[in-house]
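I set out to record what I looked up in this structure, entry by entry. The entries are kept brief.

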Amino acid sequence: MKKTSVVSFLITLMFAASVVCIQGQRQEEVKDSDGNPVKLGEQYFIQPVKTKSNNGGGLVPAATNILPFCPLGITQTLLPYQPGLPVSFKLPYALMETIVKISVALTIEFKSNIWPVCNEFSKFWEVDVSSSAPKEPKILIGGKPQEKNSWFKIDKAGDGAGANTYKLTTLTGTVGATPGVWGGAPQLILTNDDAKTLLVKFKKVDDATTAATSTSRVEKLGLRMFPFY
């Protein structure tokens, strides 16, 4: 075999091996807090991990400005026992998949029957890509599933983070939290600062009764857009 043929064969072999490796990583399943696969289309609470600087409160819609009020952003409640509102995950393109996989693009949508304001916007998450967006843009509600700024990924949090602990990422950064306008409650942003990265777990909403019970306090308060409840 000629030298050039050997080199070509080795390059092809290495490329094939790398593709297999990448596909293997992508096929790894995301697990909920009970160790079960996270399923597309079903409802989960995204639970921030409690740390010295984060009380672990759930995620709720919240205004990020006094004016204009809409679109809403996403804020953690100041009460650690409040689970927030549930979400569902979907793929932005048609595939025969039922399980959420590591590092695969997906959309995140809040699920609530009560939504008293900003009804002209969808409930899908998105990264603020407006011309006025700051260096660390806000995570907003009102995304379009076909737009790439509404695509998120779930990646492993890294060594030492604990079992079934993840971070939310995008094409350009990682979802983090920074003190917001309402009493300093953490507000979700896109960042490249590891110190601000928000580590999360996923708690499955078992049935409609559980969902109604868990979210009723927020919903009965009319989603007041202040994360103090």
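The entries below concern a disulfide, a few loop residues and some backbone angles.

**Basis.** I worked from a predicted model, in which local features need pLDDT of at least 70 and side-chain atom pairs count only at pLDDT 80 or more, while totals for chains, interfaces and linings use all residues. Residues are numbered from 1 along each chain as its sequence is written, and side-chain values use heavy atoms, with hydrogens and water left out.

**Disulfide.** I looked for disulfides, taken as pairs of cysteine sulfur atoms within 2.5 Å, and the count came to one. Cys70 is joined to Cys118, with an S to S distance of 1.8 Å. The link of Cys70 and Cys118 is left-handed, at -85 degrees about the S-S bond. The two cysteines are 48 residues apart and connect distant parts of the chain: Cys70 sits in the loop between strand S2 (59-62) and strand S3 (73-76), Cys118 in the loop between strand S5 (107-110) and strand S6 (125-127). Strands here are DSSP runs (E, at least two residues), numbered from the N terminus.

I then checked accessibility, where buried means under 20% relative accessible area, exposed over 50% and partly exposed in between (1.4 Å probe, protein chains only). Cys118 counts as buried because its relative accessibility is 7%, whereas Cys70, at 22%, is partly exposed.

**Backbone.** I noted as background that most residues other than glycine have a negative phi, and most peptide bonds are trans. The peptide bond from Cys70 to Pro71 is cis, with omega near 0 degrees. Pro71 belongs to the loop between S2 and S3. Ser103, which is not a glycine, has a positive phi near 65 degrees. Ser103 is placed in the loop between strand S4 (87-90) and S5 and is partly exposed at 28%. Asn164, also not a glycine, has a positive phi of about 55 degrees. I found Asn164 in the loop between S8 and strand S9 (166-169), partly exposed with a relative accessible area of 22%.

**Ser150.** Ser150 is in the loop between strand S7 (139-141) and strand S8 (153-156). Its relative accessibility is 1%, so Ser150 counts as buried. I listed its contacts (heavy atoms within 4.5 Å): neighbours within four places in sequence aside, Ser150 touches Leu106, Thr107, Trp125, Glu126, Gly143 and Lys144.

**Thr75.** I located Thr75 in strand S3. Thr75 is buried, at 3% relative accessibility. Thr75 and Val181 are 106 residues apart in sequence, and their C-alpha atoms are 9.8 Å apart in space.

Methods
Helices (H or I, at least four residues) and strands (E, at least two) are DSSP runs, numbered from the N terminus.
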